[in-house]
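Please keep the sequence and the structure open as you read.

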Amino acid sequence: MAFAAFQTAEVVPQAPRKRSRIALFLLLPGLLYLVLFFLTPLISLLLTSLQAPAEFGDIGQYDYAFNWQNYVTVMSDYWPHIVRSFGYALAATVFALLFSYPLAYFIGVKARRWPMLQGLMLVLVIAPFFISFLLRTLAWKQLLSDESFVITSLKALSLMAPDAHFTGTPFAVIFGLTYNFIPFMTLPLYTTLERLDLRYLEAGSDLYANPFTVFRRVTIPLSMPGIVAGTLLTFIPAAGDYVNASRDFLGGPDTQMMGNVIEANFLVLLNYPAAAALSIILMAAILVLVGVYVKRSGTEDLL
């Protein structure tokens, strides 16, 4: 009997260790994937941002160094583009939230009694994903060009000045960002509102709260995880977007964002350290802003 107890005492501590090894083995492919396709490119980008021009090299040739001056240079040269990028992204996020919340509320709450209508509206929200991002933006460029029926009609009705333009303006860029990223805002909001317990809303009405108070004190707090997720999914890609602000699409010379500057430095100017430094600055700024936003919104568990 004592021998059996001794055997039991030896076997029990080994079981958790065996399970931990199995869990580590299952995590190994994912860890290798992150190291190869996330950590390695990030380290390479950081090293590139510190490069210095080769002493006797041609344009586009650089040597590895610790040239921190690259960050100072790009900050002084491109600070208007940095401010413009985050300003456009913030405006597009706010507009996307204003448009998406009523839509998600109707689909997730009001349309629960009509499953077919609910499914149809979800398909309509997701449908733009079946078309290329570039093609959708290019289509809007054609619709909003100076020769289009929309702009000529607005000018004929004296709603626009005869020499006014829509494309190439900040409003056109924000419009394009809002349109292209509305599904990223709507779907997280719908996911949260679809699980909303309507008994809480009924309880607020039973306590003599008017509909606006119920919405402000009950619906919005309960849907806050969806709001935070939607704003993050919209703001982060919008801040780094380079399609809508491009002169080939909805933007112009005065609407260039950081994505356009990074693209030009990488592919046209061959200034790889400046492009890499701008990329690092963009990522760092987004991480700081997202951290502060999540902390202030009280949803730290989303990090």
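Predicted model: local features only at pLDDT ≥ 70, side-chain atom pairs only at ≥ 80, totals over all residues.

1. Local features are discussed only where pLDDT is at least 70. Side-chain atom pairs count only at pLDDT 80 or more.

2. Helix 2 is bent. It covers residues 69-108, which makes 40 residues. A straight helix would reach 58 Å at 1.5 Å a residue, but the end C-alpha atoms here are only 51 Å apart. Look at Tyr78: helix 2 bends there by about 70°.

3. Gln69, in helix 2. Gln69 belongs to helix 2. Is Gln69 buried or partly exposed? Its relative accessibility is 47%, so Gln69 counts as partly exposed. Gln69 and Leu193 are 124 residues apart along the chain, and 48 Å separates their C-alpha atoms.

4. Helix 6 bends but keeps its span. Helix 6 runs over residues 170-194. Its 25 residues should span 36 Å at 1.5 Å a residue, and the end C-alpha atoms are 35 Å apart, which agrees. Even so, helix 6 bends by about 45° at Phe181. Pro183 is the proline that follows within four residues.

5. Helix 6 against helix 9. How do the two axes cross? They come within 8 Å and cross at roughly 155°. The cut-off for roughly antiparallel is over 145 degrees, so helix 6 and helix 9 are roughly antiparallel to each other. The crossing is right-handed. On the helix 6 side, the contact residues include Leu177, Phe181, Phe184 and Met185. On the helix 9 side, they include Pro225, Gly230, Thr234 and Pro237.

6. Thr234, inside that packing. Thr234 sits in helix 9, residues 224-239. Its relative accessibility is 1%, so Thr234 counts as buried. Leaving aside residues up to four places away in sequence, Thr234 touches Thr93, Ala96, Phe181, Phe184 and Met185. Among these, Phe181 is also where helix 6 bends.

7. Helix 4 against helix 6. Helix 4 spans residues 133-143. Its axis and that of helix 6 come within 11 Å and cross at roughly 140°. That makes helix 4 oblique to helix 6. Helix 4 passes helix 6 in a right-handed crossing. Phe133, Arg136, Thr137 and Trp140 of helix 4 meet Phe175, Tyr179, Asn180 and Phe181 of helix 6. Phe181 also takes part in the contacts with helix 9.

8. Two positive phi values. Most residues other than glycine have a negative phi. Tyr208 has a phi near 70°. It lies in the loop between helix 7 (198-206) and helix 8 (211-222). Tyr208 counts as exposed, at 78% relative accessibility. Leu270 has a phi near 55°. It lies in the loop between helix 10 (258-267) and helix 11. Leu270 is partly exposed, with a relative accessible area of 28%. Please check both loops in the model.

9. Val290, in helix 11. Helix 11 covers residues 272-297, and Val290 lies in it. Is Val290 buried or exposed? Val290 is buried, because its relative accessible area is 13% and the cut-off is under 20%. Pro162 is 128 residues from Val290 along the chain, and their C-alpha atoms are separated by 42 Å.

Key: Residues numbered from 1 in each chain as written. Heavy atoms only, no water. Expected span 1.5 Å × (residues − 1). Bend = angle between axes of the 7 residues up to and from the residue. Buried < 20%, exposed > 50% of the residue type's maximum accessible area, 1.4 Å probe, protein only. Contact = heavy atoms within 4.5 Å. Axes fitted to C-alpha atoms, helices over the stretch in contact; angles between N-to-C directions. Parallel < 35°, antiparallel > 145°, perpendicular 65-115°, else oblique. Left-handed = near helix turned anticlockwise from the far one by under 90°.
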